[in-house]
Amino acid sequence: MSPQASLLPLAAVGVPVVTAIAIVLARRLPALRDALLVVGAVVTFGVVVSLVPSVLAGDVPTTSLGRLVPGVELSLRADGMGMLFALLAAFLWVLAGSYAIGYMRGDGAANQTRFYAFYALCLATAFGVAFAGDLFTFFVFYELLTIATYPLVTHKGDAKAIAAGRLYLGVLLSGGVLVLAATLLVYANVGDLAFTPGGLVGDTMGTGLTVLVFALFAAGFATKSGLMPVHRWLPAAMVAPTPVSALLHAVAVVKAGVFAFGRVIGFVLGPDVLLDLGVQGWLSVVAGTTIAVASVVALRQDHLKRRLAFSTIAHLAFIVLGFSLLSPTAYEGGLLHIVNHGILKITLFFCAGAIHIAAHKDYVSELDGIGRRMPYTMAAFALASYGLAALPPMGGFVSKWYLTLGALDADQQVYAALIAGSGLFTAGYLFPVVYRAFFKPLSDDARAHPHGEASPLMVVPLCVTAVVGLLLGLGDLGGIYSIAGEVAGSVTGGGR
């Protein structure tokens with residue numbers, strides 16, 4: 001890979017910031033304000049897509065940001081791993097922008113200008129996380145993402161929203177302190193923070209200090225990744241409007257957390273160092289336990305968004321488990337599951353929001369027969385559920401296949417069995433929703449209050465994401481699999 005001077009990585013961060021400013025300036029013209037959100041998303045998507053040919057050719061478009069502190073060169077770099085995250089975020093933002101407008105209008109929500117502005121800022125910081133070229137730049141955007149999302153979590157302004165926001169900030173900022181401590185230790189002992197495939201630390205820190213740094217990173221990133229037992233903020237944050245829930249689970253906060261694990265394991269500490277120390281086994285245990293416990297808890301949730309939240313906790317743990325197994329195929333599976341889970345989970349949350357707006361239903365037990373009234377929405381829900389249960393030919397099957405093979409390559413048969421069998425849990429908490437929607441008669445309440453689909457601004461995006469979840473299982477859409485294979489190979493010395 002060769003660095004190539006380019007302003008495009010900076011543009012990917014800057015366009016959403018300009019969009020947020022323009023939204024505030026157009027606050028007295030709601031139609032223009034709403035259009036600006038979508039236009040900004042489309043322009044940003046174009047910027048990110050324009051980077052793909054260079055990355056596939058082996059170049060690394062780089063923007064130097066100068067020095068904020070002595071000896072630390074800040075930069076934005078569009079390498080393969082960053083491109084995977086950025087492509088996911090850019091594509092889904094185009095659809096989420098339209099969806100958010102439909103949802104906020106349908107809900108008659110207050111303070112829509114503030115909501116859309118922070119929605120754009122949240123994506124700007126997510127692109128900063130994706131394209132950060134070093135640990136310090138990464139930390140800055142990682143923490144800005146937490147702060148930018150806080151007003152979205154607390155948007156409703158009631159007691160539950162404020163309490164959820166307080167928990168959200170407390171947990172995530174505490175994790176950020178641990179990440180900062182680990183970053184400072186790396187810099188003090190290595191003298192460099194630039195992400196390097198295979199790791200930049202080597203044997204420069206010694207066993208004890210390397211173990212401490214790994215522990216600090218793991219504990220810090222666990223907060224944003226929703227690993228148990230530091231997961232409580234994620235279900236609590238479901239009090240936020242559904243476009244925020246979709247953003248949290250698919251493209252922003254929690255995905256930044258698991259992405260951070262991939263960066264540190266693959267580009268800071270390095271698989272070889274971790275294998276020599278054997279400390280990654282503890283992370284695998286935590287991730288495996290989280291998968292099992294969160295899946296069981298999801299089975300018991302009647303509130304649809306809370307059921308989806310615990311599903312997210314389990315599937316984020318799959319990604320962390322894939323990275324922690326340190327085999328090329330498992331690492332690649334973790335990268336692919338970032339994308340496939342993001343597409344499928346945002347579909348499910350989009351559907352939950354459409355049900356809330358059109359039918360005013362939030363609980364699974366209320367959804368009898370709703371598929372007759374909302375066939376497109378519930379068909380998309382069914383397709384995404386099928387994919388998340390890792391059944392072919394959906395994209396979810398492909399990433400789980402790689403994760404399972406990767407666990408076998410790492411001689412971890414227990415984790416291979418857990419990954420392969422986890423689809424039964426996913427089916428157990430998602431398929432009953434589909435069964436109720438299509439195979440149970442309408443409830444008396446539903447007959448008394450007829451309704452149809454939600455606004456096309458909401459239904460079209462959820463149908464598109466459901467179809468993309470299928471297409472990702474049928475071929476290398478957008479070069480995603482090629483990029484993931486190259487990244488895994490460069491990090492582990494193997495891969496395709």
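1. The protein chain exposes about 17,000 Å², of which carbon and sulfur atoms supply 67%; accessible areas come from the Shrake-Rupley method with a 1.4 Å probe, and for residues only the protein chains shown count as cover. Buried residues, meaning those under 20% relative accessible area, with exposed meaning over 50% and partly exposed in between (1.4 Å probe, protein chains only), make up 60% of the 496 residues.

2. This is a predicted model, in which local features need pLDDT of at least 70 and side-chain atom pairs count only at pLDDT 80 or more, whereas totals for chains, interfaces and linings use all residues. Residues are numbered from 1 along each chain as its sequence is written, and side-chain values use heavy atoms, with hydrogens and water left out.

3. Among the contacts (heavy atoms within 4.5 Å) in the protein chain with a separation of 6 or more, 79% are between residues 24 or more positions apart. The C-alpha atoms fill a box of roughly 70 × 55 × 45 Å along the principal axes.

4. Two peptide bonds deserve a look: the one from M228 to P229 is cis, with omega near 15°, and the one joining P392 and P393 is also cis, with omega about 5°. Most peptide bonds are trans, and most residues other than glycine have a negative phi.

5. A positive phi, near 65°, is found at A390, which counts as buried at 15% relative accessibility. D411 likewise has a positive phi, near 60°, but counts as exposed at 54% relative accessibility.
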